[in-house]
Amino acid sequence: MKRGAATPLARRRVREAWALIAPMVLVLLCVAAWPLGRTIWLGFTDASLAGAGDAAFIGWENYYAVYGGQAFGVLVDPQWWRSVGNTLVFTVTSVSLETVLGVLVALVLHQRFPGRAWVRAAVLVPWAIPTVVSAKMWAWMLNDQFGVVNAALEGMGLIDAPLAWTADPLLSMIAVIGVDVWKTTPFMALLVLAALEMLPRDIYEAARVDGIHPVRVFFRVTLPLIRPALVVAIVFRTLDALRVFDLVYVLTANSPATMTMSVYARRELIDFQSAGSGSAAATLVFLVIALAAALILTAGRLREREAGS
Amino acid sequence: MIARAGFALAVVLIVAVSIGPLGYAVVTSLETGSALFTPGLWPETPTGTNYAAVFAEQPFARNILNSIAVAGGVVGMSLTLAVTAAFALARVSFRGRGLLLGTVLSVSMFPQVAVLSGMFLLIRSLGLYNSLPGLGLSYLMLTLPFTVWMLTTFVRQIPKEMEEAAIMDGAGPLTIIGRVFLPVLWPALVSTGLLAFIVAWNEFLFALTFTLTAETRTVPVAIALISGASAHELPWGRIMAASVIVTVPMVLLVLVFQRWIVSGLTAGAVKG
């Protein structure tokens with residue numbers, strides 16, 4: 001098929017193509033573009049979700065406003081900034097841990113050993129469990145009085161008194177990160193494993209014949225070869241972690257110590273019934289994630305150019 | 001020898017950490033009363049009381065049917081819309097194709113909370129608040145972008161000779177899709193459809209926001225909202241029983257279709 005050939009047949013093909021694409025585009029305009037636009041607009045109004053018909057435009061007041069020498073708005077709310085900080089801590093820590101553990105698990109699964117198919121299946125289990133369910137399962141295991149985790153730690157003599165995993169500010173953040181790592185490491189491991197399996201085996205043979213230490217082989221040969229797949233997996237996980245909601249909300253509810261940007265925006269919108277400031281916060285969440293995506297894409301392009309020159 | 005023992009230990013550890021928590025949930029779900037509060041690894045006197053209670057105390061069977069109906073509908077809608085679009089996106093080159101694909105992919109990066117208030121108004125204005133079709137509609141934002149993306153990748157892998165004969169015969173695009181593509185594309189449809197099903201089955205934020213009554217809730221919301229006499233007395237046995245009921249079919253599904261799911265995930269991520 002010649003690109004841009006303007007024969008009548010080619011033009012008909014293009015027309016048909018648009019007709020086939022149109023329903024999909026139309027649906028996405030309705031369920032993605034329109035709601036997003038509406039949210040951004042609501043952020044500039046004093047709307048409440050109960051009676052959104054009589055919303056008035058108030059400019060930037062949901063973001064920042066000064067009345068009688070006092071500043072109001074999402075941008076001066078300390079809890080908003082704490083949520084941003086929590087989200088960043090959560091994202092950086094959990095994605096780093098998932099990457100390291102995912103690569104380790106993938107390396108183990110890449111070996112040949114009896115029962116490998118079963119182990120691979122077992123690794124998929126955390127990924128298959130709905131997030132709400134895994135949050136509840138871990139909430140029970142981490143229960144301060146009756147949880148099996150505290151019982152095990154006490155049994156091993158590691159702690160003297162039960163720990164309040166989901167109440168203590170530091171511990172609850174550790175718990176949220178831990179459960180996320182448990183749940184999403186399989187995704188990372190699977191993608192890395194798929195990349196490992198595409199590598200030619202003879203590289204390893206050659207390295208083994210030369211007597212090179214396996215750790216050296218990993219850092220010099222394997223890691224550079226799987227890097228493209230690893231980068232894609234990390235990007236997916238990072239953008240996913242920045243919008244985390246289910247896990248945090250079910251495990252620690254609206255606790256300020258673990259509140260993420262998404263939990264903050266939902267609380268404003270639903271619990272406080274403030275469609276205006278809630279939508280403003282939601283718009284900020286969108287901007288943060290769009291910014292992260294743009295940064296990642298630009299970094300990728302720059303690196304490609306460096307590698308190309 | 002030490003290396004082999006270490007490797008075996010790593011394998012055992014990986015398996016234990018992966019399936020241990022689900023196993024413990026099963027144990028808990030079989031216990032009631034004081035047995036629940038003594039952390040043991042085996043139920044002393046297993047009982048099915050919790051399972052019966054889950055269905056008696058709330059419309060849990062209804063919640064399961066709701067989840068199946070919404071997820072099934074979403075899969076059907078997504079695949080229908082995506083397969084025709086994927087054919088055009090993979091096979092016809094036209095101006096703006098790359099931009100369109102990029103835009104579609106960027107929708108899958110949307111944080112759900114960013115569309116929450118707009119989606120709420122959309123669903124309410126259509127008169128679909130607190131209804132399953134309304135919920136299904138909102139899920140298309142989550143499933144459609146990646147189904148289009150994945151199916152486009154799969155269609156690209158099909159040799160072009162396959163449809164060229166049909167084009168020569170003057171067959172229209174819908175005939176080509178139906179007669180030429182669907183027969184070879186079904187493994188791709190299975191893996192894409194499964195991933196869409198899982199996304200819709202697990203979704204929580206939209207379901208929590210766009211439904212109101214116990215009868216229209218989906219399973220994740222129903223489980224999250226199981227509560228006891230007070231906030232400090234959660235009925236853990238029941239919560240775990242409900243969790244096991246919805247998780248076991250999901251785990252079996254994933255294990256049976258393991259190969260398809262992995263090929264779908266890697267097509268969506270690695271080759272994309």
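Figure 1. The model is predicted, so local features need pLDDT of at least 70 and side-chain atom pairs count only at pLDDT 80 or more, while totals for chains, interfaces and linings use all residues; side-chain values use heavy atoms, with hydrogens and water left out. Residues are numbered from 1 along each chain as its sequence is written, and chains are lettered from A, with ligands numbered from 1, in the order in which they are written.

**Figure 2. The elements of chain A.** Here you can find 11 helices and 2 strands; these are DSSP runs, H or I of at least four residues for helices and E of at least two for strands, numbered from the N terminus. Starting at the N terminus, the order is α-β-β-α-α-α-α-α-α-α-α-α-α. Along the principal axes, the C-alpha atoms of chain A fill a box of roughly 80 × 75 × 35 Å.

**Figure 3. The helices of chain B.** Chain B has 12 helices and 0 strands. Its C-alpha atoms fill a box of roughly 75 × 65 × 30 Å, again along the principal axes. Of the contacts in chain B between residues at least 6 apart in sequence, 73% join residues at least 24 apart.

Figure 4. In chain A, 49% of the 309 residues count as buried, which is to say under 20% relative accessible area (1.4 Å probe, protein chains only). In chain B, buried residues make up 53% of 272.

**Figure 5. Where chain A meets chain B.** The contact draws 80 residues from chain A and 85 residues from chain B. Together the chains bury about 7500 Å², with carbon and sulfur atoms giving 81% of that area. On the chain B side, B:Met109, B:Val113 and B:Trp236 lose the most area to chain A, together 8% of what that side buries. Buried area is the accessible area (1.4 Å probe) that two parts lose on being put together, summed over both.

How values were computed
Buried means under 20% relative accessible area, exposed over 50%, partly exposed in between (1.4 Å probe, protein chains only). Contact means heavy atoms within 4.5 Å.
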